[in-house]
Amino acid sequence: MSDRYAKQRIFLGREADEALRAKRVAVLGLGATGSVIAPWLARAGVGHLTLIDRDLVELSNLQRQLLYGESDLGRPKAEVAVERLHEANSSIDLAPVVADLTSGNARELLSGFDLICDGTDNFEARFLINDVAILTGTPWIYAGAIGGEGVVWPLHPTHTPCLRCLIEEPPAGGDVDTCDSAGVLGPTVGIIGSWAAMEALKVLTGQAPHTELARFDFWHDERQFLKAPKTRCRFCTEKVTEFLEARWSLKASALCGLEGVQIRVNPPGKLDLAVLKERLEARTRSPWRQAGLMLKGRDGADEITLFADGRALVHGPMTPERARSWYTEVVGC
């Protein structure tokens, strides 16, 4: 046997170490925490990793997202992550998925795994993960970081409380800080991501992870452990998956901390980028560039990126209302 896992095998034991090779894990979100979780699982020899992220590498990511470098700017994070992790461990199966998680595709994207790891930065995605976990019985690990603090909470409804046992509804916009409003330190996400990966290895090797929502404020040297209510919520006891059942077709929202708009469609579609390229070049009288699953160009003062799954990013003065109208005119919805 290769000695790649020799030191790990001494600690875990041969049976637990070899069990990792048969495990399938989805890492949703490859930003700050996800770009720490995924490498640890890849290097540990988890047999299959599906790496899901909707975003492109941006300059502001490089301060804390360890999978990426300056040469990756503008590329899909999922594709770059697979390249980097393949360099670290070519013996495991790595699947990149460039997609936006919605109620229309969450079941498909997150089913069939032994574990789901949360590397996201928003509660909408986490509540969708929680619904899939309730529906399929898949364990998942909630992780998040902001400023100098972070949380990790392994969950396995209905064997354990679910996310909604403690947080019944997602916080309203503006009620919680984000990286754009409060900032975040690189070492914070490094510690939280590594901690989440440790809990993942426990789950995957049959060990019991911790049962409380654990919060550390590394900057102020504070720690807190929150117990979920002993009474389980109706969502996990009755398998109520209302986030998976939500129906909407088009959303346009201002980008956090940036001038621009994100457009999302549900369920995700499949755009013919070659046809759209011709249409947009005729409309804008300027060149558009197709690169893989993306189409980029300008319409007046706005720089626009269209994705094959129907999403769009607008960088510029376009308002969400105008963005909806522009999208309907150009793409149709």
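Biologist: Which residue in S4 is the bridge partner of Leu28?

Modeller: Asp118 is the bridge partner of Leu28 in S4. A word on the model, friend: it is predicted, so local features need pLDDT of at least 70 and side-chain atom pairs count only at pLDDT 80 or more, while totals for chains, interfaces and linings use all residues. Residues are numbered from 1 along each chain as its sequence is written, and side-chain values use heavy atoms, with hydrogens and water left out.

Biologist: What makes S1 and S4 a pair?

Modeller: Strands are DSSP runs of E with at least two residues, helices are runs of H or I with at least four, and both are numbered from the N terminus. Two strands pair if DSSP finds at least two bridges between them. Strand S1 (residues 24–28) and S4 have four bridges, in the parallel sense, so they count as a pair. S4 and strand S5 (residues 140–146) qualify too, with two parallel bridges; in S5, Trp140 is the bridge partner of Ile116.

Biologist: How many bridges join S5 to S6, and in which sense do they run?

Modeller: Seven bridges join S5 to strand S6 (residues 149–155), and these strands run antiparallel. Pro154 in S6 is the bridge partner of Ile141.

Biologist: Why are S3 and S8 called edge strands?

Modeller: The open sheet has eight strands in the order S3-S2-S1-S4-S5-S6-S7-S8, with mixed pairing. Strand S3 (93–98) and strand S8 (222–226) each have a single partner strand, so one side of each lacks a neighbour in the sheet.

Biologist: What makes the S4, H6 and S5 unit right-handed?

Modeller: The crossover is right-handed if, with the strands pointing away from the viewer, the path from the first strand over the helix to the second runs clockwise. S4, helix H6 (residues 123–136) and S5 form a β-α-β unit of that hand.

Biologist: Why is Gly316 called buried?

Modeller: Buried means under 20% relative accessible area, exposed means over 50%, and partly exposed lies in between (1.4 Å probe, protein chains only). Gly316 has 7% relative accessibility, so it counts as buried. Gly316 sits in the loop between strand S14 (312–315) and H13. Beyond its neighbours within four places in sequence, Gly316 is in contact (heavy atoms within 4.5 Å) with Glu259, Gly260, Ala301 and Asp302.

Biologist: Why is H3 described as largely enclosed?

Modeller: Nine of the eleven residues of helix H3 (residues 34–44) are buried, so the rest of the structure largely encloses this helix. Its buried residues include Val36, Ile37 and Leu41. They pack against helix H1 (6–12), S1, strand S2 (48–53), helix H4 (77–88), S4 and H9. Gly45 follows H3, with a positive phi near 90°.

Biologist: What makes a set of residues a nonpolar core?

Modeller: The set must be buried Ala, Val, Leu, Ile, Met, Phe, Trp, Tyr and Cys residues joined through side-chain atoms within 4.5 Å. The largest such core here has 41 residues, and those touching the most other members are Val25, Val27, Leu30, Leu41, Leu49, Leu51 and Cys117. Helix H9 (residues 186–204) gives the most to this core, with seven residues. A second, separate core of 27 residues includes Leu101, Ile116, Ala228 and Phe243.

Biologist: Which way do the residues of S4 point?

Modeller: Leu115 and Cys117 point one way from strand S4 (residues 115–118), Ile116 and Asp118 point the other way, and all are buried.
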